[in-house]
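Take a look at the structure below. We will visit a few places in turn.

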Amino acid sequence: MSMTDLLHAEDIKKAVGAFTAAESFDHKKFFQMVGLKKKSPDDVKKVFHILDKDKSGFIEEEELGFILKGFLPDARDLTTKETKTLLAAGDKDGDGKIGADAELKSCNNSPENSGCPSPSIPKANISMTPVQ
Ligand SMILES: [Ca+2]
């Protein structure tokens, strides 16, 4: 599984190209430009796991610094400041890392910081579950 299996290579190029200047990175715009906002929670999770290089289940600060390279190998690294801003945006519980259900998820209008509903069980499964 690679990033271009999930997202269009053209979109990735455009998105990475839009933020080549240091301190210009805007994660919301970036995720929108690569097409993440249109992806299902499952696909967003797959993207997350690609970015989670050491498969810890979290994207830690050092992994965030290389986040653009996860999308496009010759992209730049984020600056320390950008990394910290991104971490602060995604790190809801303040543990210094981003979990799979945090910022990268494609929910746009969560009220305040209540978090988004977790990816739910597909409805088809619910209706097939026998009533206990
Ligand atoms: Ca990790």
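Gln32 sits in helix H3, which spans residues 27-33. The model is a predicted one. Is Gln32 buried or exposed? Its relative accessibility is 54%, so Gln32 counts as exposed. Now find Ala15. Along the chain, Gln32 and Ala15 are 17 residues apart. In space, their C-alpha atoms are 8.5 Å apart.

Next, go to the calcium ion. Which residues supply its protein donors? They are Asp52, Asp54, Ser56, Phe58, Glu60 and Glu63.

Glu60 has a relative accessibility of 15%, so it counts as buried. Phe58 has a relative accessible area of 29%, so it is partly exposed.

Last stop: Asp91. Asp91 lies in a loop, between helix H7 (80-90) and strand S2 (97-99). Asp91 is buried, yet it has no salt bridge. Where is the nearest side chain of opposite charge? That is Lys97, 8.7 Å away. A salt bridge needs the charged atoms within 4 Å.

What does the side chain of Asp91 reach instead? It reaches the backbone nitrogen of Gly96 at 2.8 Å. A polar atom of the Asp91 side chain also lies 3.2 Å from the backbone nitrogen of Asp95. Leaving aside residues up to four places away in sequence, Asp91 touches Gly96, Lys97 and Ile98.

Notes. Residues are numbered from 1 along each chain as its sequence is written. This is a predicted model: local features need pLDDT of at least 70, side-chain atom pairs count only at pLDDT 80 or more; totals for chains, interfaces and linings use all residues. Side-chain values use heavy atoms; hydrogens and water are left out. Donors are N, O and S atoms within 2.8 Å of the metal (3.2 Å for Na, K and Ca); water is not among the atoms, so sites may look incomplete. Buried means under 20% relative accessible area, exposed over 50%, partly exposed in between (1.4 Å probe, protein chains only). Helices (H or I, at least four residues) and strands (E, at least two) are DSSP runs, numbered from the N terminus. Lys and Arg count as positive and Asp and Glu as negative; His and the chain ends are not counted. A polar contact is a pair of N or O atoms within 3.5 Å; within protein, one must be able to donate a hydrogen and the other to accept it, and residues adjacent in sequence count only if both atoms are side-chain atoms. Contact means heavy atoms within 4.5 Å.
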